[in-house]
Every structure is written in structure tokens, then in C-alpha cells.
Amino acid sequence: MSPAARLTGLLTSGAVRIALLLIALVWLTPLAGLLFSSLRTEQDNQASGWWTALTEPRRLSFDNYTALLDNSGITQALGNTVLIAVPATVLVVIIAALAGYAFAWLEFPGRDWIFLLVVALLVVPVQIGLLPVAELFGELGLFGTIPGVVLFHVAYGLPFAVFLLRNYFAEIPREMLEAARLDGGNEWRIFGQLVLPLGRPALASLAIFQFLWVWNDMLVALLFADADSQPLTVALQSEMRQFGSNIGVLAPGAFLSLVIPVIVFFAFQRHFVQGVMAGSVK
Amino acid sequence: MTSVTSPPPPPQPAGSPAPPLPAPRRGTATRRRRTGRGTRPDGRPGVRGRRITSWIFVFPALLLLGALVVYPVVFSIGRSLFDADGDRFVGLGNYTELFADDATLTAIRNSAIWVVVAPAVLTGLGLVLGVLTEKIRWATAFKLVLFLPMAVSFLAAGIIFRLAYEQDPDRGLLNAVATGVHDTFADEAAYPTARAREDAGLTPGPDGSYLSARTAAPGQTLDLGLVGIAPGDLPGEAEPAHGAGSAQAAVDELRGTVWLDFAPGGGGEPGRVDPGESGLPGITVQALAADGETVAATATTAPDGSFALTGLPDGEYTVRLPAGNFAEPYGGVSWLGPAMITPAVIGAYLWIWTGFAVVLIGAGLASLPRDALEAARIDGANEWQIFRRITVPMLAPVLTVVFVTLVINVMKVFDLVYVIAPGPVQEDAAVLATRMWIVSFGGGNDQGMGSALAVLLLLLVIPAMVFNVRRFRRSGS
């Protein structure tokens, strides 16, 4: 390579690096803005932008957060989010693992056709379920309750979950299952002692994806939860009406709501990325 | 990155993309079905017992899917053929009404904008950034940063962007940047607050300018007084105006003074240049010919406010102070207004989903055969040619997957629009999913129309459904 070409190469790679660094900064700015806004007083937020806090960091305080945690409506909503997200995740993983194993390795009439139906259901929008299920839940007494919200999430999480696990379990070498069967293991033992341990990576990705999906949901809870069972997203959404004057609640509330997903993100990076990737069909 | 859908043994080749719809390999399950029954060893439960076990395994899933997904699809299709209360059969009436209703048409138009813009921009952005990240050592960290917003709820993202899109440049980051850039490249109007004193030589023009109340011929002078400027807002170069207009105008020129017709501390007479009153420098002054349109001469006022419009043929002229002298300062973009709201919400969506596109396309790039790229380089191809002729064609399957996935996703976008658009512009920002919500639950309470909208959404994703089923059948059996 000629010296001139090498110089051009160096310059462009330098420009690329700077451009990417700037993009990364731009991507982090919104989160920084939320964090700083949540640490500023209502008056400061009304008077000036959050970036002015960079020059006077002493004006920042955790007062908004202590006020938020004294707000029983918000803390209850945070508790509801946990009470909805955890069972909805556990149930999807268990039910889908059972069904996924059956679709992959057990025999029953119509199995392949039923599974094709599950594949077809992958892209069904939740909107189609809102009205009918609201009526159904009304009759069953589930409307406005946490179990109702959980069941809806489980049902709409299942097509993807069953699809993912069935395909994963189908790749287990047949010899391993036959050997276990010859050893006299019944299907339940094979499922619990062989299939589940082998399927751990897929189960983990599924669990993380489903957990995030439910934790971050607003639409389903907006309809199916009442004032006592509403999760954090819905509680905060109702504060949006007076956006300007409610930043003192909204900013720390939003930050609180994303702390758990971000921790999950950093703790399980690989599973997280794979789970979101695989689940993006929803 | 390996696909989640591949089992531990055998691992997929490193760096193969995780397809959103992982194609199962020729299934061992299928093979087993062909031989299974004949090889059943003795002493195992009979076919019947095993069938019962199988049904127990799938029953919970089928019950929930049947009651909460399949039944609602059927119910919604039926319900969409009835009126708001569900009493009267209206056939396809709700559907024809959808396309006659302005608000729904807005939603359809906005959904179309979303589907056309967001997936294409994201795929393009993912491709460019994916290629560029191959050139840096901290690519993993970069991808993590871009992927991070995927962990954030649409509600939190909505709050973040409501803050950023705030109109007031002192509070909204985007307008702070926009006005900063604008003011760097454009001159700010010098006297945004100035106005004419009534009956003192100037009358307001139709476009924010001011016109002299009387016409003047070359050789005359005109004094034009303005008020409404705080003494503190005067430019530093401003000098007293008294005596500025004393120079005699030549036969082809019009002279005069533009001054602040207000003496600090009182005194002075309105309409006359009194001692202690200041000239207004830097104001553009135009001489308008008799037709009221042709600008015959232009001048700028000196520090003492004096101006001279020269080179004028004989005639009567009106003197104009154009609106540019008084324009309001640039206030940034009205992001949350009716015109910009959809692009603004799409912007927030891009922040969330770019990482997805970059990671998926990056994985696809990593799996491209190195030797093809190397061979092209040795043949003297430059980076752009390699990108155009080799990288993009070879990546086409991955790009398609990213694009299709995003189209499906964009079709259902709800929370982000619902949260970011303020109440009054909610209707301007509406997409099909939010419209369905408003019609069914948000005051409309028309469940017939709501069902029709939900069915319309379902119809729009049916191509994706067919695509999935076909793809699965091809690879699975």
C-alpha cells in the first residue's frame, strides 16, 4: 500500500471511530436525561433543562425517589408488576415446556396439524383478544384482577414459547431418549430429568424474553387491571395527563421501572440478546 | 452468536444469525414418528395410555390458546359484523364505515407511514452500523449500548422522549440543539419586541413589516420612531439619534433616522427626535416605488440610526422596515405538534430498535465467508464496491428477515404513540392499534367498529402468518 493510501485509511478509520463513539453517546443521552431529570426538583425541571445539572451537580438529590417510595399507590403498583411478571413468566415456561416436549417427542392424533396452528398463531396481535377476553373474564370474575392479567399474558406468550421449545427439544439426540425409555423411565421422569436440564439455554432465553415482555407491558394491563391490580406502567401512564407538572413522579418512576430490566440485561447479556432476537416475531 | 433454537449438540457455526423464525432442521421427531410405533419395547404402557399422557402434556397450552387466542379470533370476526351494541347485524357495514371515518383514515395513513419508513430506515441503519462496527475493537460494547434500549419499556421511552421533545428550548434537549444550531448559522432578528408608536410616522404592514405613513420624494428626510425596546436590549454600538438626520439629502437620495422614540427618565415629545433618545443601528430600510412592490433602494441604519437611500429616480416613495427586523426569535421545532408528531414517535422507535437491527445484521456479517471478501480486495476492489457487490447481496436473506420482523412489529405499535402524543394531538398521531383502543374503550365504546379494526390488524399480518407456516412446513417435513 502506498503511504498516501495508508494515510487515507488511517484517517477514515479514525473518522469511523469518532462517528461510532458519537452515536454511542447519542444513544446513552436519553437515559442520562431521564436519570438527571429524576434527581432534580420539580422547580428546577420547570425552569431549565436537565443538562444544566452537569454544571451544578450539588442541586441533585434523591428526594423524588424517597417521595415516590412513600407514595403507596406507586409502591403497590411496583409490587403488582412483580406479582404479574413472575407468575406469567414461570407459567409460560412450564406450560410451554410440557407442550413443546409433547409436540417434539410424544404421539397423539393431529399433533402436526395442531402444531402448525400454533405456528400460525405466532403473529396474532394482542388487539384481537382485548374485547372478547374482557367479556369472558367479566363472566369468570377475572376482569380487573392480577390472575386475569397473568392468564392473558401467558396465553399470548405461548405460541412463541411452544414454538421455540418444541424446535429446541426436537434436536435432542433420539438415542438419549430411547436409552432413558429402555431404562424404564416414564415420560414425566424423562421430561424432568433429561429434557429440562438439556433445554436450559432455551428455557433461560425464553424466561428472560417473557419476563421483559410482561414487565414492560402497558396495553394489556391498561384494560385488564383495575386500580388495585395495576402495574407500574399503568400507574405512571395515568400521571402523563399533566406531564409538565408531574415530572417529579414520572421521571423517577420511569427510571425505577427500567432498573430491573437493565439489571437483567447486564446480568444475562447473552441470553437476553438471544431471547429478544428469537422473540421479536411476536 | 448462536441461535437459541439450536441444541447444545451440535452447535451452529459461530456467528450465524439468530433468525426470528428459526428453521428447525429435518426433525428427529418426524423421523421417530415413522418408526416409533413398531419399535415399542414390551412392558411399556400401551398406545392408549401413552396418548393420555401426551394429552396431559399439551392440555394446559391448548386450553389457554383455545380459550384466549383462537376463540377471540373467531368471536372478533363475528362481532365485527354487528353494530355498536351487538344487537343488529350490519354485515360489512363496520368495514365500509372504517374507510369513511376521517380519524380512522388518519390512523391508516399513519400506519402506512410507519410501515414504509421505520423498517427501511432501521434495516439501512443496521446495515451501515453493522459494517462500520467490524472496523473497531470495541464492537461488542458498542452493540451493547445500542441494544440497551430494548430493555426499556415503551412507557419509560415515551417519558424520556416527551422530555426531549419539549417545545421550550430551555427544557427540551432537541430544541436546545436545534435553536443552538440555527442561531449559529442565521442572524437573529435585532428587535423582536419593537413596534411603531401610533400616529408617529409608521403604520404596520400586512406581513409584520412597518411602512412610512406618508410618501416622500428624493431630497427629503423621514424620521421613523419605534417603541417597545427596553434600553437594556439596545445594541452596544447604538449612539444618540439627536442631530443624526441633520445632513441634507442629495437630489437622488432619501435620508432619515430610525430611532427609539423614548427618552429614559421621561421628557421628549412623541414623534420628534429629542436629546437623550437613541438611534437604532442595523435596521434594514427599503424604498418602495409607487407600485408598493418594487424595492428601489435598500440601506442599513448607522449607529446613530441614520440611513440614506441613494440612487433614486424622481418620484414618490414609501419607506419600509421589513419584517426581518422584528421577527420572533427561532423557537425550535414543534415536535409534539400535529405536523411532526408521527416522525417524532418514529424517532423514539428508532432509538429502541436500532440495536436489534445492528446485532442481527452484525451476526450475519460475521458469518460471511472471509475468502470472498479477501479475493475481491486482492483484485483491487475498493470498500464501496465490496459493500455494494458482495456484502449486501450475500446478506440479503438476513436483511429480509430483519425487515419482515420489523414490519410485523411496527404494525402493532401502540404504547409509544399512546404515551408520547399529548392528548390534543393524539388523533393526529393515531395508528391502527391506538385507533382500535380509542374506538373500543376510550370513549368510543363501539365494539363493532373496534372488532372490525382488530380484524383489519389481523388481516394485515396474515401474509407473515402464511410466510411462517410455509417456512416451517418446508423445513420440518
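In this predicted model, nine residues of domain 1 of chain A are in contact (heavy atoms within 4.5 Å) with eleven residues of domain 2 of chain A. Domain 1 covers 3-61 and domain 2 covers 65-279, with bounds from an automatic or database domain assignment. Their C-alpha centres lie 34 Å apart.

Together the two domains of chain A bury about 760 Å², 69% of it on carbon and sulfur atoms; buried area is the accessible area (1.4 Å probe) that two parts lose on being put together, summed over both. On the domain 1 side, L34(A), S38(A) and E42(A) supply 55% of the area buried against domain 2, more than any other three residues.

Now for confidence, given as pLDDT, the predictor's score for each residue from 0 to 100. Chain A has a mean pLDDT of 88, with 96% of its residues at 70 or more, while chain B averages 81, with 87% of the residues scoring at least 70. Over residues 1-43 of chain B the pLDDT is below 50. Where pLDDT is low, the predicted coordinates should not be read in detail. The model scores ipTM 0.89 and pTM 0.76.

Finally, have a look at T123(B), which touches I361(B), L399(B), V402(B), F403(B) and L406(B), leaving aside residues up to four places away in sequence.

Residues are numbered from 1 along each chain as written, and chains are lettered from A and ligands numbered from 1 in written order. Local features need pLDDT of at least 70, side-chain atom pairs count only at pLDDT 80 or more, totals for chains, interfaces and linings use all residues, and side-chain values use heavy atoms, without hydrogens and water.
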